[in-house]
Amino acid sequence: MTDPKDTINIENVVASTGIGQELDLQSVAMDLEGADYDPEQFPGLVYRTQNPKSAALIFRSGKIVCTGAKSTDDVHESLRIVFDKLRELQIQVNEDPEIVVQNIVTSADLGRNLNLNAIAIGLGLENIEYEPEQFPGLVYRLDEPEVVALLFGSGKLVITGGKKPKDAEHAVDKIVSRLEDLGLLE
Amino acid sequence: RLRKWQERIRTKDAGERNLQFALSEIDRMASALGVPRSVREVASVIYRRALKEDLIRGRSIEGVATSALYAACRKEGIPRSLEEISEVSRVERKEIGRTYRYISQELGLEMRPVDPKKYVPRFCSELELSEEVQTKANEIIEKTAEEGLLSGKSPTGYAAAAIYAASLLCNEKKTQREVADVAQVTEVTIRNRYQEQIEAMGIHG
DNA sequence: GCTTTAAAAAGTAAGTT
DNA sequence: AACTTACTTTTGAAAGC
């Protein structure tokens, strides 16, 4: 009887921000320990934080992308570390740069096995993508909230594309009620 | 004005040549796969629809032609795996798969998941297995799929395991390697699916 | 479209031991 | 046969080709 909502776990948060200053990535790469910079391969410099674990992509424009954090708090903490590292290199960083969460990846468990073939027909072939020859998950796109769900035979699922933690809860609620209406849950 | 005319003719010719090329490619691949003419016709219709809906922009003609053929085989109930299709195409498997998903969505083909049973006759024939084995394999697939065991599993691996199990039950044993080769899956996959299937069927070990 | 980052789900594959 | 590693899918931003 566990509420599937209680099984929701944030696995990854992607956010963007900017220090409001242009950067010379070549020199940052020289001074910042652990920095990976290969402009031929990718225009951004990669810097990884350990606690919390995340990866920051730092660009010439001063814009930064942070990914890999397990919560929005961790995103802020990771970026605080990145900002301080840049300040140590005598780089001007805005007081409190605005941090925008762009995507939250969540996992959850419906608690029972799913017959994906029946679900594919039930939800409507025009509303889903299910190609087990290519990937074991059934892809289900929701309009409200605007997220994408990957449903698996084990009953576990992944919700991605949301911007707020609440999006995943709403998505799980909708999926559960939809499957119950179709008589495909339990 | 004369320029425009020439351009129109040139474009028309180019488009005509491209269509001709796509259709001849579908024909060539279909022959190599040994599928009936009806499948080539369905594939041609799908390709023309994709062309009409402007789905080829940004994609290769070969990729769309191959995907149309893949979709046509499935629609006609004689599926070929992406692995098999890619062997007769210049396009790599991954690209065929993603192009297929794209045209399938855009054209609203509403393709149903491939039924593993559709692979049984061809695979069994290649293995020279009897009608009895085919019937048994179909039984295994039918019964275990009903229990939800098929969810997320590749149809070829599922069919291969059922055929392997059926060959044992009918005393016409084929090795996992032999079945794996015709189905183009690994022995590991056959073993994993086989174990689940015989357990679900309540057969011994 | 591609390139890079991280993360989960589960299936499949390949290389070692 | 077990283990390990790696690739398939989805999502989002960044800058440049």
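**Around DNA strand D**

Tutor: This is a predicted model. Start with the surface near DNA strand D: strands S1 (9–18), S4 (63–69), S5 (100–109), S8 (148–151) and S9 (156–162) of chain A each supply at least two residues, and so does helix H5 (93–106) of chain B.

Student: How many residues surround DNA strand D, and which are the closest?
Tutor: There are 24. The closest are A:Val14, A:Arg60, A:Ser61, A:Arg141 and B:Arg191.

Student: How do the residues of that surface divide into nonpolar, polar and charged?
Tutor: Ten are nonpolar, eight polar and six charged.

Student: Which side chain has an N or O atom 2.4 Å from a phosphate oxygen of DNA strand D?
Tutor: That is A:Arg141. Chain B has side chains to look at too. For B:Arg191, the distance is 2.9 Å.

Student: New topic. At what angle do the axes of H2 and H3 of chain B cross?
Tutor: Roughly 130°. H2 covers residues 37–52 and H3 covers 61–75, and their axes come within 8 Å. The two helices are therefore oblique to each other.

Student: Is the crossing right-handed or left-handed?
Tutor: Right-handed. H2(B) brings residues including B:Val42, B:Ile46 and B:Tyr47 to the contact, while those from H3(B) include B:Val64, B:Leu69 and B:Cys73.

Student: What classes of residue does that contact have?
Tutor: It has 14 nonpolar residues, no polar ones and no charged ones.

Conventions:
Residues numbered from 1 in each chain as written. Chains lettered and ligands numbered in written order. Predicted model: local features only at pLDDT ≥ 70, side-chain atom pairs only at ≥ 80, totals over all residues. Heavy atoms only, no water. Axes fitted to C-alpha atoms, helices over the stretch in contact; angles between N-to-C directions. Helix = DSSP H or I, 4+ residues; strand = E, 2+ residues; numbered from the N terminus. Parallel < 35°, antiparallel > 145°, perpendicular 65-115°, else oblique. Left-handed = near helix turned anticlockwise from the far one by under 90°. Contact = heavy atoms within 4.5 Å. Nonpolar A, V, L, I, M, F, W, Y, C, P; charged D, E, K, R; others polar. Near = heavy atom within 4 Å. Polar contact = N/O pair within 3.5 Å; in protein donor to acceptor, adjacent residues only side chain to side chain.
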